[in-house]
Amino acid sequence: MVQSLGGAAWRPTGPVESSQAVERLLDLAPDVESRESGRAFASERAWSGSGCGQGVVWGVRESGDGPPHRTAVDTNDASYTCGCAGGETPCEHALGLLLLHASDAPVPGRTKEPPAWVAQWLADRRARAAPGGPAARAAARRAGRRAERVTGGAQELDQRLIDLLRGGIAAADQPGFGLWEETAARMVDAQAPGLASRVRELGSVPASGPGWPGRLLEECALLRLLDSAWVGLDRLPGPLAATVRSRVGLTTSAEGPAVRDHWLVLAQYDTPDGRIVTRRTWLYGRDSGRSTLLLSYGAPGRAPAPPLPVGTVMDAEVTPYPGGGGLRGELGTRFGDPLATTAPPPGGSTADAVAAYGRALRDDPWLDAWPVTLREVIPAPSGDGWQLIGATDGYALPVAPAALSRPGLWKLVALSGGHPLTVFGECGHRGFDPLTAWCAGASDADVPSRAVALA
Amino acid sequence: MPTTVTTTGVTVSALWEDLVTSALLGTDRRPLRADDGAAVGPAALLDAAAVHTVRRRAALRPATGAALPVPAPADPRPALPAPARRRLAQLLADRSAPPTGGRRGSAPDLTELIPQWLVSAGAHGYRAPAELLPALLDAARARTDLRPHVLAFAGPRGLWLAGLNPEWKFALRASSRGARRPDTADPEAVRRLWEEGLFAERVALLGAVRERDAGAARSLLATTWSTERAEDRLMFLDSLRSGLSGADETFLEEALADRSRNVRSTAAELLSALPGSALARRMAARATSCVNPDRTGGAVSVAVEAPHECDAGMQRDGVVPVPPSGRGERSWWLGQLVEAAPLGVWREKFGGRTAQELVSLPVADGWADELHAAWCRAAVRQRDPEWARALLGAPSTPLANGPGTASLAERSQLLATLPAPERALWAAGFIAAHGLSEAFQLLGVCSVPWDGPLGRSVVDALDIARDAGSYPWSFSGVMGLAERCLNPAEADRLAVLTTTPDEPEGASPGAGGYWSEAFQRLVSTLRLRAAMDAELVQDGTERPRTEGGSPAN
């Protein structure tokens, strides 16, 4: 199949497949600006005959005098055809259609049967997509070209970092220091969005308060480590290579085997990415003991994937993505409705939490945080910040700076009332970022514990 | 000190601090040294830093915790029923949502229902859900009118929480519940807090002691009275207002000689509210020397001779000598004397006439307004329903011809001194006679929910306004009050008004539609309030739905 990465056969469409395709397409999008321009077409009003079915989303745009433009996207592998006849990068129309589809908004008049022109496109692609066929060869060629561009970008970034270190990172704190934005743009050009976003984050470090030179050196060093890892990708073991690929920003897809489990929804929160919303959902497999992260994306003003209520349990299949310690997964078939539960996941001490993060770094040294559940901890003020202190051992983790300004912190403190509670969150080198709490303290003995979302 | 073999094959052992210094200044200026002493380049520095970074992150250990907070005191009140908890979360979320602007449409305004919800929840004696305390405190920070309800509902855990966040310090200040409050039966603890406590704590303490034993509070206050700052004395004195009795008179009399004018006038005001006090007797003597029955013309009338001076004695008793600009000195003094004199003296002076009869006596020389206004203030201050009733007169009497005052603000104060059912009846009569345009302030002092006759007269008046063809937003204030104050049971009766009527001759264009919308909002708000009340009376214990039970959605 053209540009197919998973190589899977046709699968029924649904929010899951489409969010995966959106994500791939977002990854393929050359820059934030073109993601933004796709937004204009993520509206039912932009299309005169749009629909989805058989794994394809399509739409027709009236274009004044000339014949209408037709756009169709295969949600399975994000390959597309469009009347605007673009080059290699996905065009804004295809992106818009996918965002529209992924937003899962109720669309009147959606058909399930693709019209003739879509069917023809599909048939052509199938013919070309036969193994060894022209499409497969084209895909391989494209993948090779992209790898070359990423390598070029990684080498350029490496040189820029070395130049920065030679002159001294004190310069990064000077007014008018313009390295980061320009470098990030170069990484976007090199189709390495993962490198681009890390570079952008570097730009915020000099303003992050005392101790910034140390933090900037850490992040520069890890960025160079990523460059080097990419350049020497062939010599890395398979899982680490997959981690590096996804850290650099190459598209990956979930690979089996699917894990069927009773998944407890631990937390769900949205973060803006430009004007597209990224929704993160943490699940805990009650039988497998495995934590997994679901990612989905939504067009502006629209919810990403349908919400999964925190504290519910669902019987479902989750397929892990390669690399990154197998943390990321994709939600597959669900069996029955989610059920409310009062039981928090099993958790450990603060020492267990940082140890788990330390172990996870072996698989992914670029990992900022790891999902953990702390049991019997008490939030307590400490200097300018807060700590979570183990009620039994007295050992403490600092609350991550990002969480200090969120209202969730005060919910957590209120729930605790100075008594121990169970908290799920992301634990990493910046501290612990609390996302959900279960309280069943002494003061609330008459009420069974209940998951309260903090994010 | 980790040893790193860099990509260039050089071995580097350096402390993290050395790496940062070299990175900060640049390897050109401050080269990093390899183990063999050779300068290593920036690439090798980055490699060494990466090893340090990953090693450090992988080896993180928890710290020894800081001091644990003192746990919040237990709150024995029952938890909210789950539907009521969800409702509160929704009300609070709606509050912080940005306003949509423009016309209100037919949807209820949830923000306006927060105070009522809090009062109902408080009346049921529920404990606030812990996770909603931050939002409750934020709401109270933004709206002072919510504070008493929020603080009562938030209870001890709310105050515990407010103590941890400077943004909520109003909670510690605003409420006597907010301060440290020792066992008032422990004289040693009381004395120590009184002498060492913060101002808010001392005010709270005084209030608490006063609640239990008014005399003990007075003695406590007397121990330090002469050394307190003037503004503190004023606040402490004000605490005598609750449970004021003849036993406080001596203390207040002494305060009449206070250095601070505000303290003096507060003391005088408190004394004058004690009809048996010496001050009240002195004021009565002064007032009755100015206001006398006049029998010269056969029928009795009221003769007024305003005071010619404001002597030192009057000033000591709280009479303010200098009038505000535009008012004559003598009438200003007269007003203050009559206001501070016990109302009972007039009955004596005028041969046993009732308040009703006194108010209807003719007053000579144009002093009627001045005298009646002073009586109004006295009736409010002394909370005398008989006088208030007399001064209000019949609700149907036109405003300008009323016996007491034409001021709606003063009338609503008078109204507030009447028992609740009488208040509602009077307001209902007023609206029936004068319509809604002047009724707003009067409605504000009626108790909620409005009694049947009052509710009916408001709805009838709205219906009449609609038939007259004006726009509903001319009545938006009353409409808003009705949404909050009408008895929810009226919703069904009101439903017939939500239809769009035919537009009468001369009506404002489109008014019918807007009225229909306004009544729809009224009805849906009443239904919502009924639902909210029902949620609050559900069984307070939450039954978790377990797996295998009903679906969560």
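When I say that two residues are in contact, I mean that heavy atoms of theirs lie within 4.5 Å, and with that in mind I would like to walk you through this model, which is a predicted one.

Let me start with the interface, where 67 residues of chain A are in contact with 59 residues of chain B. The size of an interface is often given as the accessible area lost when the parts come together. Here chain A and chain B bury about 5,000 Å² between them, and 65% of that area is on carbon and sulfur atoms.

Turning to polar interactions, there are 20 residue pairs in polar contact between chain A and chain B, counting pairs with both residues at pLDDT 80 or more, and the rule also finds six salt bridges across this interface. One of the salt bridges brings together the side chains of Arg166(A) and Asp28(B), at 3.9 Å from N to O. On the side of chain A that touches chain B, helix 8, residues 212-231, gives the most, with 11 residues, and the residues of that side divide into 38 nonpolar, 18 polar and 11 charged.

Finally, the aromatic rings: over all chains, the structure holds nine aromatic pairs. In the pair formed by Trp426(B) and Phe430(B), the ring centres are 5.7 Å apart and the planes stand at 20°, so this pair is stacked. Both residues belong to helix 22 of chain B, residues 420-434, where Trp426(B) and Phe430(B) are four residues apart, about one turn of the helix.

Technical notes. Residues numbered from 1 in each chain as written. Chains lettered and ligands numbered in written order. Predicted model: local features only at pLDDT ≥ 70, side-chain atom pairs only at ≥ 80, totals over all residues. Heavy atoms only, no water. Buried area = accessible area lost by both parts, 1.4 Å probe. Salt bridge = Lys/Arg side-chain N within 4 Å of Asp/Glu carboxyl O. Polar contact = N/O pair within 3.5 Å; in protein donor to acceptor, adjacent residues only side chain to side chain. Helix = DSSP H or I, 4+ residues; strand = E, 2+ residues; numbered from the N terminus. Nonpolar A, V, L, I, M, F, W, Y, C, P; charged D, E, K, R; others polar. Phe/Tyr/Trp six-rings, centres within 6.5 Å; stacked < 30°, edge-to-face > 60°.
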